[in-house]
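This briefing sets out the sheets, the nonpolar cores and the chain contacts of the structure shown here. Its points are grouped by topic.

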Amino acid sequence: MRRVPAALVVDDNAINRRLLESILRRIGWQASLCENGAAALAALGQCSFDLVLLDLRMPDVGGAEICRRIRNELNLTALPVIAYTAHGMLEDRARMLAEGFSGLLIKPVSFADVRGICEEFGPVLS
Amino acid sequence: MNAPVELTRVVSERRAWIVLWDEQVRSRLAGELAPQGWLEVRTFPNPSEALQALRASDEPPDLVVTGLYFEVSDGFDLMRELAELRPAPAVYLLSHQQRAVIRAAVSLARERGLRVAGYADFPVSAMSVAQSLAHYPLQRRAVDREMDSLPLERAELQAMVDARKIVAFMQPKVNLGSGEVVGFEALMRGLGPNDAIIAPDRLIAPLSANGLLADATVLVFEETVEFLGQCLQEGFPVSASVNAPLGLISDPSFCRLLIDRVERRGIDPSWITVEITETEAMSDLATVTERTARIRMMGFNLSIDDFGSAYSSFMQLSQLPFSELKIERSFVTSLHVDPVKQAIVSACATLGTRLGLHVVAEGVESPLELRAVRSLGCTEAQGFLVARPVPPQKARNWLRACEGIAQAACAELSPD
């Protein structure tokens, strides 16, 4: 039986979390939802995920800091971590990739954007 | 009120004036027009005489067929005065001049707000001119004409704002790659007596002149935020655009009000794009940068509307925090048969995408235009071909029903 790929969605906005969950489900993924960085780090310590969608702008700990801790403290160096952020100007894009993100998902997202990221960074589905 | 009766009235009211120096052509054309249902056909040898008659007459023409070159005065003078009439007549241009001059005259007429019923260069038969005019759409209904000539007054506008009769109509935007509906633009409409829809050209300038545009914009914004919240909660990842004059964005209390509405509904502001026109974006760089940066700081996206209608400098474009560029509709209309428009749209699309912006073609009304803007590199399209603006409830029903339709429209465009 083929394993259902799993994504962790980290966003402080409830409507966004549920929307991403709904899109992911429609393209055959399952989603776990966290509303802040601490919860995300805890979830990543317990379960394994194929992809993390991480909102950059959150009130407590920002996405960049969480990404650094995923890489350095949890040692998940190969895990695709996607920065989920408002429209990036070209120079922001380069900076975020240098900070350890694997890719960018630009808000406002479309269905095709999410599917594209999942296809690019997710496990190869037979 | 009885629509067919009014229509009959209008038909019998159709008046055509012919202003041509060549007497033979003039009378031949008059002879051809009369049997085509034109009640009154008057002829003049030059613009000066036509203008004299115009000043003396309280029954202005619905159509003026005019040449461009005359011994005294010319067709351009005539058009300037015709444009002052309410309602302004349609013009049909007939000239010996080279095509480039006629085309310039056509765009000038449009610029001045005159409807252009057509144009032809000599030699052309009077019969073919008359025939092409026979099918020209009737003037607007008489009642509308009377209403249109009266600008809305402050008290009426204030009452509309108080009763929330300023509403948002939603027009969808599709992604040209995936065929997905990715967003809606909220367009302001007024609801007059009997909830007759009042178009923006009668609404926005008077609201602005009476200091009510901020209140009206907030009403549109609130309706948009509610619409957006419902769409997102239903699982549709769509964004929404709202037009706001730069003057309003510069008011911090207005911006706080916007962010308050968004937060109250629990929406991430990046689902909302604020559109400002290119003309406004190209005023003083320091002021514009401050105002637009503030909107971005709050998390809204920023779009430059009617791109191509003003004269952006590359400096301004590179400095301002835009996320989207919308190509002025006049470059999109019939671009599939116009190499000049194709060159302009292609350049805008290249510039925009290289700057990392969404590039939206506005006013797409035919499959050929859609195919063209897509192949020239635009990323999104908006226009009657996709859908007309409709009230939010209808837009949501449309969204539910249409997931397949937009995709089918784009599937048609698969490379052949």
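The points below take chain B, chain A, the cores and the interface in turn.

The model is predicted. Chain B contains 18 helices and 14 strands, and its domain assignment gives domain 1 (3-143) and domain 2 (152-411). An open sheet of 5 strands is found in chain B, and an open sheet of 5 strands is found in chain A.

**Chain B as a whole**

- Of the 416 residues in chain B, 39% count as buried.
- Among the contacts in chain B with a separation of 6 or more, 69% are between residues 24 or more positions apart.
- Taken over C-alpha atoms, the centres of domain 1 of chain B and domain 2 of chain B are separated by 36 Å.

**The sheet of chain B**

- The strands of this open sheet follow the order 2-1-3-4-5, and their pairing is parallel.
- Strand 2 (40-44) and strand 5 (115-121) of chain B are the edge strands; each has a single partner strand, so one side of each lacks a neighbour in the sheet.
- From one strand to the next, the twist averages 15 degrees.
- Strand 1 (residues 15-19) of chain B pairs with strand 2 of chain B in the parallel sense over 5 bridges. Arg15(B) has Glu40(B), in strand 2 of chain B, as its bridge partner.
- Helix 5 (residues 99-111) of chain B packs on the sheet and touches strand 4 (90-95) and strand 5 of chain B. The direction of helix 5 of chain B makes about 170 degrees with that of strand 5 of chain B.

**The sheet of chain A**

- In chain A, 5 strands form an open sheet in the order 2-1-3-4-5, with parallel pairing.
- The edges are taken by strand 2 (30-34) and strand 5 (103-107) of chain A; each has a single partner strand, so one side of each is left without a neighbour in the sheet.
- Direction ignored, neighbouring strands of this sheet are turned by 20 degrees against each other on average.
- Strand 1 (residues 6-10) and strand 3 (residues 51-55) of chain A run parallel and are joined by 4 bridges. Within this chain, Leu8(A) has Val52(A), in strand 3 of chain A, as its bridge partner.
- Helix 1 (residues 14-26) of chain A packs on the sheet, where it touches strand 1, strand 2 and strand 3 of chain A. Its direction makes about 170 degrees with that of strand 2 of chain A.
- Helix 5 (residues 111-121) of chain A also packs on the sheet, touching strand 3, strand 4 (81-86) and strand 5 of chain A. Its direction makes about 175 degrees with that of strand 5 of chain A.

**Nonpolar cores**

- The largest nonpolar core has 107 residues, and those with the most contacts inside it are Leu53(A), Ile82(A), Val345(B) and Cys378(B).
- Helix 10 (residues 213-233) of chain B gives the most to this core, with 9 residues.
- Apart from this core lies another, of 34 residues, including Val19(B), Val91(B), Ala109(B) and Ala130(B).
- Leaving aside neighbours within four places in sequence, the contacts of Ile82(A) include Leu53(A), Phe101(A), Leu104(A), Ile117(A) and Phe121(A).

**Contacts between the chains**

- In chain B, 20 residues are in contact with 17 residues of chain A.
- Helix 10 of chain B supplies the largest share of the side of chain B that touches chain A, 3 residues.
- By class, this side of chain B has 5 nonpolar, 13 polar and 2 charged residues.

Conventions:
Residues numbered from 1 in each chain as written. Chains lettered and ligands numbered in written order. Predicted model: local features only at pLDDT ≥ 70, side-chain atom pairs only at ≥ 80, totals over all residues. Core = buried A, V, L, I, M, F, W, Y, C linked by C-beta atoms within 7 Å. Buried ≥ 20, exposed ≤ 12 C-beta atoms within 10 Å, placed from the backbone. Helix = DSSP H or I, 4+ residues; strand = E, 2+ residues; numbered from the N terminus. Contact = placed C-beta atoms within 7 Å. Pairing = 2+ DSSP bridges. Axes fitted to C-alpha atoms, helices over the stretch in contact; angles between N-to-C directions. Nonpolar A, V, L, I, M, F, W, Y, C, P; charged D, E, K, R; others polar. Domains from an automatic or database assignment.
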